[in-house]
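Work through the exercises below with the sequence and the model in view. Each task is followed by a stepwise solution.

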Amino acid sequence: MASDAAAAIPAGGAIQGFLRRVIDLRPGEARALAWSWLYVFALFLAYYVLRPIRDELGVAGGVRNLPWLFTGTLLAMLAVNPLFAYAVRRWPRETFIAIAYRFFMLNLLVFMLLLTVATPEQHVWIGRAFFIWTSVFNLFVVSVFWSFIVDVFDAEQGKRLFGFLAAGATLGGIAGSAVTSGLVEHVGQNWLLLASILLLEVAVFAVRRLSRISDAFSHSVQGDDPHRPLGGGIFAGLTHTLRSPYLLGIAAFILLYSITSTVLYFQQASIAEANFPTRAARTAFFANIDFWVNTLTLGLQLFLTGRLTAWLGVAVMLAILPALSVFGFAALSTWPTVAVFVVVQVARRVSNFALARPTREVLFTAVPREDRYKAKNFIDTVVYRGGDQVAAWSYAGLIALGLSLSGIAAATVPICIAWAALSLWLGWRQQRMERDAA
């Protein structure tokens, strides 16, 4: 155990022994890992307080209108992405992160006011706007977090530590889901929005502290000064992605994940609309699903993610989620029941959060700093929501043509097979780039 890690953890304490068993902590990493963990915990706690509210407001506006909400989300992403790139070009990372997060905090204050004074008819439209806003918010703030983290830790550290940080995200999700499920009927939605605002400010504080101590990992930024603006063009995220086969592969991975996830999301929305007649009941239903997904994910992230990454490698870890999706959609095509759907949805989300997501972030440690922010943000937001758009309208079209849940599931299986093959190629390229850099 590193000397600074021992100083950061009470000597002989239970926490020290726990961390020694769970992660391989090296000299100089303890403080950076602690602030990173607080950052992601506060961020996901804030988001998972908002997520069930978003889902309920989306269903309240009618499941048939969800494709239009996904269209609005994509348009909002296209508008915001150049603004984010401009902020990255002009300000140091800790400054533009604070500006971006406080912009979202101001938006939440506006929604609190609107939801308070709105009439029932206005409430539906405000709910639709909130659905689009939250769908933009969650991808941007999480993408910014991981951009910052891969700018601090290198690939070797990421394989050891990103699973532990993902566990912080999961604990935040568990806490946020439990808070919303338990309090929404007692305090209402506005007080929960205020709680999210305060939690985002905690995340900003953690960013500042982490940025001050991150110089110990200067080897991970390829000689650049991490405290200076990145410069470059505001459309560099798009152009760099199109020019790089590696970044295009990552974009395709995100696109295929988004398409398959959106198919399942629409089915979940239909189930909620049919079985839970009140807003509070739907909100609690969504929160309970999130709670159990995050609870199952936590054990994997704490005890298996880092070890599995070391044993299996990046390629296999990335391929587990699409391989699981092949079997899941095949099962749905044969037994299109609610019970099978719930099992497939939970298994996919757990696999994504515990295995695919932390491994996917390791891919970005092999690219230049500018791409870690601009290309990554473009892929995580615009490409991701583009996949939503393709899936949303395709799903609506297939339903209009009379295709059943079983038929839609069967049509998704070949997509998942291609996705698995792409995952293996990405893992191979990352390992090759890492060897070349070494």
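**Exercise 1.** Describe how helix α12 (residues 305-334) and helix α15 (residues 405-437) are arranged.

Solution. Step 1: the two axes come within 8 Å and cross at roughly 175°, the axes being lines fitted to C-alpha atoms over the stretch in contact, with angles from 0 to 180 degrees between N-to-C directions. Step 2: α12 is therefore roughly antiparallel to α15, a label for angles over 145 degrees. Step 3: the residues of this contact divide into 22 nonpolar, 10 polar and no charged; Asp, Glu, Lys and Arg count as charged, Ala, Val, Leu, Ile, Met, Phe, Trp, Tyr, Cys and Pro as nonpolar, and the others, Gly among them, as polar.

The model is predicted: local features need pLDDT of at least 70, side-chain atom pairs pLDDT 80 or more, while totals for chains, interfaces and linings use all residues. Residues are numbered from 1 along each chain as its sequence is written, and side-chain values use heavy atoms, without hydrogens and water.

**Exercise 2.** Locate Thr-241 and decide whether Thr-241 is buried or exposed.

Solution. Step 1: Thr-241 lies in helix α9 (residues 236-243); helices are DSSP runs (H or I, at least four residues), numbered from the N terminus. Step 2: its relative accessibility is 2%, so Thr-241 is buried (under 20% relative accessible area with a 1.4 Å probe, protein chains only; exposed means over 50%). Step 3: leaving aside residues up to four places away in sequence, Thr-241 touches residues including Leu-247, Ala-375 and Phe-378, where contact means heavy atoms within 4.5 Å.

**Exercise 3.** What share of the 438 residues is buried?

Solution. Buried residues make up 57% of the chain.

Technical notes. Helices (H or I, at least four residues) and strands (E, at least two) are DSSP runs, numbered from the N terminus. Angles under 35 degrees count as roughly parallel, over 145 as roughly antiparallel, 65 to 115 as roughly perpendicular and the rest as oblique.
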